[in-house]
Amino acid sequence: MSVLLKANPNVSKDSVLERRQWSPYLDNGGTVLGVAGSDFVVLGGDTRMSYGYSIASRNVTKIAELTDKCILASAGMQAERHTLHKVLKAKATMFENTHRKKMSAPSMAQCLSNTLYYKRFFPYYTFNVLAGLDEKGAGKVWGYDAIGSFESVPYVVTGSGSALATSILDNQVMFKTQPQNKRELKCSEVVELVKDVFTCISERDIYTGDSAEIYIITKDGIKKEVFPLKKD
């Protein structure tokens, strides 16, 4: 990348100064989202990895299983995502070896926040959604900013297609535009909703597509589905 600097108007165009710039960050696109239920969580992410207007790969996961009840999904830069997932898996293993038990989902949420804040002066270029079951078996979803601020929310979507999906989730999960019809969704209904959301995103967002990985977390464990999306 280069930026043209203001030059003397009396100097020819061939003499315009040019300053070279370089960025260590690259957005490889993609969308991830999570929806929490009373005793389940549904987490999804597409598998397309883009580079500008090119598709670098059609089969790159954005999701990592950290424990048997906690999953992390990250959009953004593939290299940063891979590093962050590796660091968190290592911390989860160290915790298990030290305390002889797996880290709970709320503890993992705080661990991710601390990890991101530690790198606040050169942040991980990732947009994260953490999902899992708490100690009481209730579904939880946490959304994060780049430097570790986080909150537990009923649903969250981030990545290149987030603007296209948020209004759908507002309407179909929280019923913000139809409060008279508000009800608690079943797990199967949320799964179908997530599939519909990714289908809508892939129709409008060129950085989201190919297929969607959908993870369902319940007291019985983690189940994974792969849902095809647009290839172009």
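Which residue is the bridge partner of C70 in β9? In this predicted model, the partner is G132. The model is predicted, so local features need pLDDT of at least 70 and side-chain atom pairs count only at pLDDT 80 or more, while totals for chains, interfaces and linings use all residues. Residues are numbered from 1 along each chain as its sequence is written, and side-chain values use heavy atoms, with hydrogens and water left out.

Helices (H or I, at least four residues) and strands (E, at least two) are DSSP runs, numbered from the N terminus. Two strands pair if DSSP finds at least two bridges between them. β8 and β9 pair in the antiparallel sense over seven bridges. Strand β9 covers residues 126-133. Five antiparallel bridges join β9 to strand β10, residues 139-144. Here G132 stands opposite K140. β9 and β10 form a hairpin with five residues between them. In the turn, G137 has a positive phi of about 85 degrees. Seven of the eight residues of β9 are buried, so the strand is largely enclosed by the rest of the structure. Buried means under 20% relative accessible area, exposed over 50%, and partly exposed in between (1.4 Å probe, protein chains only).

S74 lies in β8, residues 70-76. At 0% relative accessibility, S74 counts as buried. Its side chain makes a polar contact of 2.6 Å with that of N128. Such a contact is a pair of N or O atoms within 3.5 Å; within protein, one must be able to donate a hydrogen and the other to accept it, and residues adjacent in sequence count only if both atoms are side-chain atoms. Beyond four places in sequence, S74 is in contact (heavy atoms within 4.5 Å) with V32, K62, R81, H85, T126, F127 and N128.

A further sheet is open and has five strands, in the order β12-β3-β4-β13-β14. The pairing is antiparallel. β12 and β14 are the edge strands, each pairing on one side only. The twist averages 10 degrees from one strand to the next. Six bridges join β4 to β13. Among the residues involved, V42 has I216 in β13 as its bridge partner.

Two helices lie across strands of this sheet. α3 lies across β3 and β12, at about 165 degrees to β12. α4 lies across β3, β4, β13 and β14, at about 160 degrees to β3. Axes are lines fitted to C-alpha atoms, for helices over the stretch in contact, and angles run from 0 to 180 degrees between N-to-C directions. T166 is found in α3. At 32% relative accessibility, T166 counts as partly exposed. Its C-alpha atom is separated by 9.1 Å from that of Y155, eleven residues apart along the chain.

The buried residues of α4 include V190, V194, K195 and S202. They pack against β3, β4, α3, β13 and β14.

The largest nonpolar core has 22 residues. A nonpolar core is a set of buried Ala, Val, Leu, Ile, Met, Phe, Trp, Tyr and Cys residues joined through side-chain atoms within 4.5 Å. L33, V35, V42, L169, V190, V194 and V197 have the most contacts inside this core. β3, β12, α3, α4 and β13 each give two or more residues to this core. α4 gives the most, with seven residues. Not counting residues up to four places away in sequence, V190 touches V35, F40, V42 and L185. A second, separate core of 18 residues includes C111, L112, L116 and L130.
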